[in-house]
Amino acid sequence: MSKTIVYDTLSIPDPSFIDDEVRMFGSSFGMSNICIFPTKISGPSNNQNSSGDDKTERNIILLKHKTMLFDPKVRQLVNESSGVFQELQTNVDDPTKSTDALYYSRKYRAILSTCILAIDQNNLDKSNEIYNQYKMLLYNLQLIWHLCEVLYLVTVPGDTILNNLLDWIKIHYENAENQASVITENKIAYLTDEHVEEKFTFYWDTVIGLVLQGNIDTARMLLSNHSQSDTEPFIHAIRIFKSMPIYSIYGGLPIAEYTSRFKGWQSSAKSKLECGIFLSDSNLNDVMKIICGDPDSTSLIRSHCSTWFQFLVAQLIYTDPTVKKHSLSLYAHRSVAKYYEESEYNHMDTLALDLFDGDLEGFVKKLKSYPDSGWSSTHLTNLLHLCDKIEPEVDMSEVVENTNPNEQYLLDYGTFLMTHHSLWQAGVIYLDYCSAIGKGHLSMLLSKLEITSDLRVSKILHYATARRLHNVVSSVCKVKGMLSLQKSRIGEALCWAIRGQDSAFATHLGDLYLKEFAKSGSFGCPDILDNLGSIVVTCDRFMFIGKYIQFLKLSMDNKLNEAALLYIELLKSNICPKYFRMTLLMDVLMFIDNSNECYFNIADMSLITMRLDDAIIEYNEDDESDNQFLLSQVLNIRQGIAKLVSISLRKKKTIM
């Protein structure tokens with residue numbers, strides 16, 4: 001039976017909920033985001049009038065989970081882990097490089113430790129409750145991550161796991177060792193007649209804590225410093241501590257021989273305990289009960305262990321020191337039962353039990369709901385997947401062929417990071433490893449990023465270009481171009497259109513250039529127009545402008561023969577926009593000079609005449625056209641054409 005915990009109650013001040021017939025519907029998406037929409041529920045009696053009658057405006061409410069990852073003090077967790085993640089993926093794809101899952105797991109844990117220290121440094125007096133919560137969340141995460149590492153990533157000969165579990169407990173529960181250091185480093189008690197056990201009220205708690213963590217040598221040293229250390233009970237106890245056999249998985253005794261020696265040692269200690277040798281000191285007697293694995297010591301061990309994790313390992317030291325990993329499930333369930341009913345299990349309990357039970361799939365699914373916005377589920381699931389500890393999920397593999405089992409986690413986490421104004425670049429890294437799905441999400445999210453500075457635009461275009469997201473490049477350049485156009489910077493807008501290869505936007509800008517030329521007789525930003533690049537291939541408007549500028553230059557250089565050929569080419573191509581045709585036709589007048597030279601043949605002049613008639617008809621049919629000046633030049637154009645025809649005929653007659 002699972003337990004539902006309500007952490008907080010949120011009131012939504014929306015007038016829609018005042019109506020008794022309105023119910024709240026919603027859906028969750030991404031990292032703990034909820035979309036809520038009020039919906040009016042009509043009863044059976046008014047079903048006929050329910051359709052279309054409710055004209056009340058209702059809001060769609062988006063609730064976003066507050067995350068610690070966006071806090072400046074915790075943000076390094078995101079930045080540093082993204083680098084480790086990318087390094088891991090790169091090494092996996094490179095057959096020449098080895099991928100040690102344990103190495104990368106420890107790097108992730110080191111990042112967690114660094115982040116915890118940073119929080120401590122900014123909250124020395126522990127007065128900031130939010131940072132206290134952040135520290136607890138990260139500490140618990142580090143604890144459960146380390147347990148997963150010990151059980152599934154560390155290779156243990158013979159599958160005897162206790163030594164690794166002891167290391168796990170010692171790292172995360174340091175109170176006993178810290179107190180032992182306080183006692184041993186205080187020299188005043190040794191230089192005077194003051195009793196150590198009386199000076200330090202936590203003396204016996206420290207000894208018991210060390211014994212429960214298997215730190216026998218330090219515990220023996222503390223007993224040697226006791227004021228009664230030269231008495232018979234303490235002498236026997238110190239000898240028992242010193243003779244305790246220690247199992248080593250590397251080069252030690254075989255399990256069977258070690259087990260025999262351990263039982264013999266414990267039997268000898270138990271005989272002394274039963275003889276009442278240690279009864280003169282109740283604290284020492286309690287310690288020896290733990291050492292002998294006495295069942296009566298269970299309540300004592302529990303009272304000195306703040307969590308059932310500690311209790312589990314403490315009992316195994318003196319009851320089953322060569323325990324195998326597959327036996328941990330039974331011991332774990334017995335240990336947690338000493339602390340809670342099943343209905344009282346918290347999130348950490350269920351995560352740890354899944355690990356001890358060997359249910360990695362269940363573990364990673366529950367880890368998704370840990371309140372770290374998917375950081376742990378994303379990185380740990382990815383790590384377990386890459387070392388083949390978890391298999392692909394059936395429902396995901398049916399959606400996309402060859403989909404990674406952790407792809408949804410990467411997708412959600414990457415999408416979540418893309419919502420932050422500075423961490424979005426880290427989000428790109430995770431979406432890169434989501435195959436086609438990630439590329440589609442990345443394309444959409446990059447296009448939706450707010451353009452706040454030229455630096456951000458450069459970064460977006462860099463990421464989009466590197467991933468061949470041409471639609472993103474075009475979209476961002478279009479936005480920047482429109483912003484430039486609003487400021488009347490047509491040249492700058494054209495640069496963005498060229499960079500984005502946006503033919504439609506370039507056509508619009510080309511129209512502005514041509515209309516401005518028709519009014520002023522010159523083009524603005526000539527440097528840009530002289531270096532249009534590939535836009536002339538994809539945009540007919542700038543193909544015409546490029547040719548037209550070339551025509552004007554030839555005319556200015558008095559290369560009229562070449563200019564005439566290009567002029568006729570422009571008329572034949574029919575790429576000149578309608579509103580500019582009269583302006584183009586007026587250029588025929590520049591071919592009339594005092595030299596009586598004709599640069600066109602009869603067919604060319606017929607084409608010019610035909611284009612003029614077409615232009616006149618279009619202008620007359622266009623109600624929006626009000627440029628009377630161009631229409632007034634029709635007579636001049638016809639006279640010019642007639643003069644060119646006359647010159648051509650006279651020249652032909654002279655030749656004959």
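Analyst: A residue counts as buried when its relative accessible area is under 20%. The model discussed here is predicted. By that criterion, the buried residues of H21 are Trp424, Ala426, Gly427, Val428, Ile429, Tyr430 and Leu431.

User: What makes helix H21 mostly covered?

Analyst: Helix H21 spans residues 424–431, and seven of its eight residues are buried. Each of those seven therefore falls under the 20% cut-off, and the helix is described as mostly covered.

User: Which helices do the buried residues of H21 pack against?

Analyst: They pack against H1 (75–93), H18 (375–386), H20 (407–417), H22 (435–448) and H23 (454–466). Across the protein chain, buried residues make up 45% of the 656 residues, and the secondary structure comprises 34 helices and three strands.

User: Why are H3 and H16 called roughly parallel to each other?

Analyst: The axes of H3 (residues 129–152) and H16 (residues 347–357) cross at roughly 5 degrees and come within 10 Å. Angles under 35 degrees count as roughly parallel, so the description applies to H3 and H16.

User: Which residues make that contact, and how do they divide into nonpolar, polar and charged?

Analyst: H3 contributes Asn140, Leu143, Ile144, Leu147, Cys148, Leu151 and Tyr152, while H16 contributes Met348, Leu351, Ala352, Asp354, Leu355 and Phe356. Eleven of the contact residues are nonpolar, one is polar and one is charged. Asp counts as charged, so Asp354 of H16 is the charged residue.

Conventions:
Residues numbered from 1 in each chain as written. Predicted model: local features only at pLDDT ≥ 70, side-chain atom pairs only at ≥ 80, totals over all residues. Heavy atoms only, no water. Axes fitted to C-alpha atoms, helices over the stretch in contact; angles between N-to-C directions. Helix = DSSP H or I, 4+ residues; strand = E, 2+ residues; numbered from the N terminus. Parallel < 35°, antiparallel > 145°, perpendicular 65-115°, else oblique. Contact = heavy atoms within 4.5 Å. Buried < 20%, exposed > 50% of the residue type's maximum accessible area, 1.4 Å probe, protein only.
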